[in-house]
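Please find below a briefing on one protein structure. The sequence and the model are shown first.

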Amino acid sequence: MNAKCILNEWKQQYEKVIEYRPQESGPDHEKCFRVNVYVDGALYGTGIGSRKKEAQQRAAISAVQQLGINTDFIAFTRDGIEADPKSQLNEKLQERHIRNIKYTEISRTGPAHEPTFTVQLFINDTACAIGTGNSIQNAARSAARQILIQFDEGSLTFSDISDQDSNDEHSYAIPKDAKCILNDWVQSRRKSISYEQADKYGPDHALNFEVDLYIGGEMITSGFGTSLQRAELDAANKAVQQISEERGVCYPRMDFPRYPHLPHYDELAMITHKTFESVTHNVIVSIDKESVVASVIMENCLTGQKTVLSLGSGNVFVDEESLGNDGETVIDSHAEIIAKRGFQRVLYQEVCRLKKENKGTLGMLKRLPSGKIALQNGVKLHLYISKAPCGDGSVFTLSQPGSHTDTGNIHLPIQSDKKQGLLRAKIARGEGAIPVSELPDDRLHKMSCSDKICKWNVLGLQGALLSSVMDSPLFLSSVVVGDVYNFNHLSRALCCRVKRQSPCLSSETSAVIVNHPDIAISTICDLPEIGKSKPVSVNWNIVDDTTEVTNGRTGKVSIDLYLTSPPPDSGINSRLCKKELFCLYKTITPSQPHNRPFYQRVTGRHSDYHEAKQSSQQYQKKKTDLYRTFVEKGFGSWVGREDVDHF
């Protein structure tokens, strides 16, 4: 039973009055619901969710806990939503890639009006627990609850329910998630997959099965096992290995494809998606309708060559319990942020080469006589995002004014609603971006991607640390969006809400200088719609030349998400975390003798990351001016957490 049902039964038993009062905020496509539950007119719980039912359920959970109802239910509640022990067990087992779970009714006793059911729980074909109840569902819950208790007490371990069969000639270690890996790979390429039983042999007490695996109608391989499930798993594992061997480890470097027949912005989208597909062949990646892919692309205007410098995918950020203050966690795993951090790694490597060898490898940067670093003449930077950035850039509906097809460098921002232009923050667990003035005090939040891109258009992509060695900020020449596009609303969100582009507006008094990139739509965004997205974040950059996969909820590298063995440099901490970037910063800013001329000196080492950022005084002044401008225009105050920067 869920919390609302429990609360309803309690209401009827004690003749109470229960009332749910909902409130909603946000645009139509990104609603946020807040529900208060009242018992006899008194507030007993509040719930927040992206759906009204979800918010009601969380409010009911809170009320059930405050009223002390059904403590057994509370004991098995997780994340304030799921109260079913079966679901709890499924989640725990799936974390270890164990998906062979079966409940079998073994008896039914008692009178017809009051039966008692007995259910046997099997995990990997091993009988694990027996549960009884007045229905099959309750009996299954009873069995699942017993296993959960055994896990908590330590009397049962995952190795105890391994699917290895010592009597099975094919009992070598098979990844439990081989079928899942293959399904993701097949679905992302829009192919069909099927398993067909080819043979069954042996005595009844020791049967063996042979299964043929077909992908796209073509037979790929055969699998063997003592059950159909094991045979299918064996076939899937062989297919995964075969695909990996055929594709090899061939990451693109400078030989990027060219699509001269495509319009400029469509070519940026095409090389992004083709590169992304190429560099993710050895990891579990399901690119579905909720996923976002972003890239930073370098264009050489003299040759016309366009090079993907960094890639990122993802649409979640870290959970509160995983947030540390040691700089070892990637806090925000939205695609745009990941692509920008990967680009910063490229910058660090190129700056380091320029300082050591006075020559870069990408032809992107140059060293000035002053010792500072600048972008080469004729080089442009572009940002591609497969879906409009969350926050102000997505606050519109198709029925609202504005163009869904226009592109260009002359911006015509729309601000017809008082909620447009507001700074917004995304809330943990995907509840949408809401105005900063409405943020709950007890929930982890990060500024929306629209706000961060707007910040980049004032301060540059290089960030605070690299500002100490750069001659000037590195600005985007264009921002290309694949889906949920509106030219006028994006113009406002990404730059014009700070300072409009039109020279006719002499009333603008802000000292902030704003970069106004071209804003364009790409019609090439061929992402298959598969289903619910996963907290998987992928990053790649041309210098490291390996693909890294992290769990967006934990902000750490997820080695179990690699289809083949992970890159040699994979560790617990992502290369995009603040600590790793700070280490790169230290390599390009060694301590220098103070008797050198000022223009030959670079900033010395700093005691911590926060101090190093604050040392970029010009950058910090511009940031302060930007934040003040947001407040003066009534858009809200930028919210950040400096407590995670002292390491």
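The structure is a predicted model. The protein has 647 residues, 52% of which count as buried. Its secondary structure comprises 15 helices and 22 strands.

**Overall figures**
- Among the contacts in the protein with a separation of 6 or more, 60% are between residues 24 or more positions apart.
- The protein has an accessible surface of about 29600 Å², and carbon and sulfur atoms account for 48% of that surface.

**An open sheet of three strands**
- Strands S16, S15 and S17 form an open sheet in the order S16-S15-S17, with antiparallel pairing.
- Strand S16 (433-435) and strand S17 (445-447) are at the edges; each has a single partner strand, so one side of each lacks a neighbour in the sheet.
- On average, neighbouring strands of this sheet are turned by 40 degrees against each other, direction ignored.

**Pairing of S15 with S17**
- Strand S15 covers residues 424-427, and three bridges join S15 to S17 in the antiparallel sense.
- Within this part of the sheet, Ala 425 stands opposite Met 447, a residue of S17.

**The helix on the sheet**
- Helix H10, which spans residues 449-459, packs on the sheet.
- The strands that H10 touches include S15 and S17.
- The direction of H10 makes about 40 degrees with that of S17.

Methods:
Residues are numbered from 1 along each chain as its sequence is written. This is a predicted model: local features need pLDDT of at least 70, side-chain atom pairs count only at pLDDT 80 or more; totals for chains, interfaces and linings use all residues. Side-chain values use heavy atoms; hydrogens and water are left out. Helices (H or I, at least four residues) and strands (E, at least two) are DSSP runs, numbered from the N terminus. Buried means under 20% relative accessible area, exposed over 50%, partly exposed in between (1.4 Å probe, protein chains only). Contact means heavy atoms within 4.5 Å. Accessible areas come from the Shrake-Rupley method with a 1.4 Å probe; for residues, only the protein chains shown count as cover. Two strands pair if DSSP finds at least two bridges between them. Axes are lines fitted to C-alpha atoms, for helices over the stretch in contact, and angles run from 0 to 180 degrees between N-to-C directions.
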